[in-house]
Amino acid sequence: MNLSGKTCLITGSSRGIGYAIAQALCQSGADVVVNSRSGSDLQKVAKRLEQESQGRVLGLEADISNPIEGENLIARVIDEFGRLDVLVNNAGIGIFRSIEEMSLEDWKAQIDTNLLGTFVCSQSAVPYLLRTEGWIVNVGSLACRNAFAGGTGYNASKFGLLGMTEAMMLDLRSKGIRVSIVMPGSVDTSFADGESKTWALTSEDVAAATLHLLSYPKNAHTSRIEMRPSHPPSA
């Protein structure tokens with residue numbers, strides 16, 4: 001793919017899946033904005049990506065669980081680049097406890113990051129994506145439709161993300177904005193427990209699926225990709 005001249009924002013992209021997506025977009029020639037709640041490593045990440053990028057790379061700190069910061073993040077992208085072509089809503093947190101152990105604060109933190117943050121960033125981006133006939137890609141999980149013990153808050157946020165994505169798609173497709181969700185199963189990152197899972201999907205697998213979505217011609221749209229490891233451990 002050649003994304004030269006396109007501007008892409010990936011939330012939660014200082015590591016893991018978000019970083020892999022940012023890296024793939026950089027290698028495709030796009031101008032890329034990486035984002036994190038903390039700015040401590042963000043500028044190092046941006047400089048590292050810029051070394052292998054054909055376009056410009058910018059790091060912007062913002063906690064998208066705060067609606068004001070989410071709105072300001074989109075505004076800063078427009079101020080810097082004048083356009084937005086692709087918004088990848090990747091930022092997310094998971095706190096895995098039973099209903100008996102889950103605090104209200106932990107439940108709300110997941111809803112505010114995984115669901116509210118995606119809503120605010122997407123809504124703020126729509127006016128600019130209309131100009132470019134752009135994309136919104138939400139990075140979800142198979143937890144969007146498969147509940148599990150200990151997922152009281154996480155499943156709530158991800159089930160909501162899937163429903164919101166599908167409704168956004170119906171709202172916006174006739175206006176030229178395509179909205180999709182990528183739903184990976186087990187991914188070998190440190191997101192949950194820090195243990196390596198060599199049998200699992202990689203962050204690069206999810207990045208490849210994201211770029212595959214962006215490769216479709218204008219008259220075609222894949223609204224959902226579900227991903228699973230091809231050789232998981234036997235039960």
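Mentor: Tyr154 is buried, with a relative accessible area of 8% (buried means under 20%, exposed over 50% and partly exposed in between, with a 1.4 Å probe and protein chains only). This is a predicted model, in which local features need pLDDT of at least 70 and side-chain atom pairs count only at pLDDT 80 or more, while totals for chains, interfaces and linings use all residues. Residues are numbered from 1 along each chain as its sequence is written, and side-chain values use heavy atoms, with hydrogens and water left out.

Trainee: What describes a pair of aromatic rings?

Mentor: A pair is described by the distance of the centres and the angle of the planes. Rings of Phe, Tyr and Trp (its six-membered ring) pair if their centres lie within 6.5 Å, and planes under 30 degrees apart count as stacked, over 60 as edge-to-face and the rest as tilted. The whole structure holds 3 aromatic pairs, among them the tilted pair of Phe96 and Phe148, with 6.0 Å from centre to centre and 50° between the planes.

Trainee: Where in the chain do Phe96 and Phe148 lie?

Mentor: Phe96 is in the loop between β4 (86-89) and α4 (104-132), whereas Phe148 is in the loop between β5 (135-139) and α5 (152-172), 52 residues apart; helices (H or I, at least four residues) and strands (E, at least two) are DSSP runs, numbered from the N terminus. Phe148 counts as partly exposed, at 36% relative accessibility. The rings of Phe148 and Tyr154 have centres 6.4 Å apart and planes at 50°, so this pair is tilted.
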